[in-house]
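Hi everyone, thanks for coming. Let me put today's model up on the screen, and then we can walk through it together.

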Amino acid sequence: MKILKSISVLCMGFLLLACQANKQEEYKYEYLYKDLPFEMPRVQAPVFPNNKLSLSDVGGVPDGETLNTEAFAKGMSELSAKGGGTLVVPEGIWYTGPITFQSNINLHLEKGALILFSDDFDLYPLISTSFEGLETKRCQSPISGRNLENIAITGQGSINGSGGSWRPVKKGKVTEEQWKALLASGGVVEGGYYWFPTEGAHKGFLMSDMNVPTGDLTEEQWNEIKLFLRPVMVSFVECKNVLLQDVLFENSPSWNIHPLMCENVILDNLIIRNPSYAQNGDGLDLESCKNSIIVDCTFDVGDDGICIKSGKDEDGRKRGLPTENVIVDNCKVFKAHGGFVVGSEMSGGVKNISVTNCQFLGTDVGLRFKSRRGRGGVVENIYVSDIQMFNIATESFLFDLYYGGKSALESLVDGDETPVSEVIPSVDETTPVFRKIYVKNLTSRNARRAMFFNGLPEMNISDIHVENVTISSQIGAELVESKDISFKNVKIVPAEGPALILKNVQNMNVEGFTFPETLKEVVNISGEKSQNINLPASVKEDLVQNSSKSK
């Protein structure tokens, strides 16, 4: 009996050990792959050697005044020589210049740790890089790494890029008191509304096209406009196995986090902040990356919140690397030009994106897809579901194929209108394509316009499926130059005008469409190309205004 008891106890012990081992081996993000509508490998977090080193052990001083650039570099090098490990940033203010990563390093910020980047511009040399999808020069990023494997920034601390010293400011985005303070600080004002911190920054603006200088500049000319060439705060280029977890990233000189041509990227439980007036103050720009997870993150920024890119125009097409296989789940976006955004630099293509369980609370646009003639690229297989929006300043759901560099709200305030071309361009490699996009289970309250699909006549937005959607707005949904559209169980409650405005729309099927009974006009159809629009029986003929030739 004693032998049987011993065997029984031993078996139980093995079972417990096996259960614990299984728990340890459980994949944290497995729930994201349930019913995923495309094939995507499990993205694993990088694993690091047990080596640990504190910044304090390599001469670092967390007093907010001592420059710790050398301490960060020494810590990285010492750990790298041992095969990698964790560089610990203890409590305190770690004032520093640029931090350059090495492979197999986890930069871990303990509770109470703040990495504060210096605003001494001389610490950030000009380097060759990519910005807004084009090959160019910019100042070195506060945090950067290129051609690395297994890198991470983790912990409970904060990272501040001192972006206010770099950024220009538009008058309409700040209070009168803030504008007066900027003017009193010096700098240069362009056109009475656009403040630049230095003459060099202003000069760079005058010789640039959408933030990238044009022409062949000499080294002297590049240096003259150096302060215009604001860096992204976190730049990881051609890196594999990247983890950013639990940290606050804020106050970036330009974009906040920019993984470029990376593979296996995880952003988990981050807070990403910039002032609402931060010029080019994007939260995340995921560009030409493969296999990425963005989960449980909060964004409150000065430009686009979660943005997917893949290069711009000829440079992007030549690179030919799409952003593909991306899962976005349970993210919240407050102030931003767009909650979830694709483009406008999408010339290398975007495909296989899942966005679920997100909230957009006060953004300019909720779902924002943008491009223009000349970009090229194909955006397809985008799946968006279970989205909640509130107080959207312009459109809940937007396709803008005439993007001109402004936010949707700026374009609205400026009264911009879609340009009319006398000659329609032929379709070629420079024509952007948006197709196979699926949106379901979306609720938006208090938007200005329910939807705006503004396609190109030579290449319509196509194969768009909208299901189980409820939107209350000032203006209904407007679709222009769109085809093969499906609306199923869609409710639109406009304060004024028709619920559905269609211009040059082809092959649209509407089922289960709901609208206020008080509307005298529910659907307005116009345009020479409008045809094959199938409305449900609930939309009586006297509620439809049809001025198209196909009526």
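Let's start with Val413, which counts as exposed because its relative accessibility is 64%. For us, buried is under 20% relative accessible area, exposed is over 50%, and partly exposed is in between, with a 1.4 Å probe and protein chains only. Before I go on: this is a predicted model, where local features need pLDDT of at least 70 and side-chain atom pairs count only at pLDDT 80 or more, while totals for chains, interfaces and linings use all residues. Residues are numbered from 1 along each chain as its sequence is written, and side-chain values use heavy atoms, with hydrogens and water left out.

Val413 sits in helix α7, residues 408-414. Helices (H or I, at least four residues) and strands (E, at least two) are DSSP runs, numbered from the N terminus.

Now, which residue pairs with Lys170 in a salt bridge? That is Glu410, with the closest N and O atoms 3.2 Å apart. The pair connects distant parts of the chain, since Lys170 is in strand β12 (residues 169-170) and Glu410 in helix α7, 240 residues apart. Both Lys170 and Glu410 are buried. By salt bridge I mean a side-chain nitrogen of Lys or Arg within 4 Å of a carboxyl oxygen of Asp or Glu. The structure holds 21 of them.

Another one joins Glu380 and Arg435, at 2.9 Å from N to O. Here too, distant parts of the chain are linked: Glu380 lies in strand β32 (residues 378-390) and Arg435 in strand β34 (residues 433-454), 55 residues apart. Glu380 counts as buried because its relative accessibility is 15%, whereas Arg435, with a relative accessible area of 31%, is partly exposed.

Let's finish with the largest pocket, which has about 1,000 Å³ of space. Of its 42 lining residues, the closest to the centre are Lys170, Lys173, Gln279, Ser407 and Glu410. The volume is the space filled by probe spheres set on the points, which are joined across faces, edges and corners.

And which element gives the most to that lining? Helix α7 does, with 4 residues. Thanks, happy to chat!

Key:
1 Å grid on protein atoms, 1.4 Å probe; cavity = no way out; pocket = protein on both sides within 12 Å on 5 of 7 lines; lining within 4 Å.
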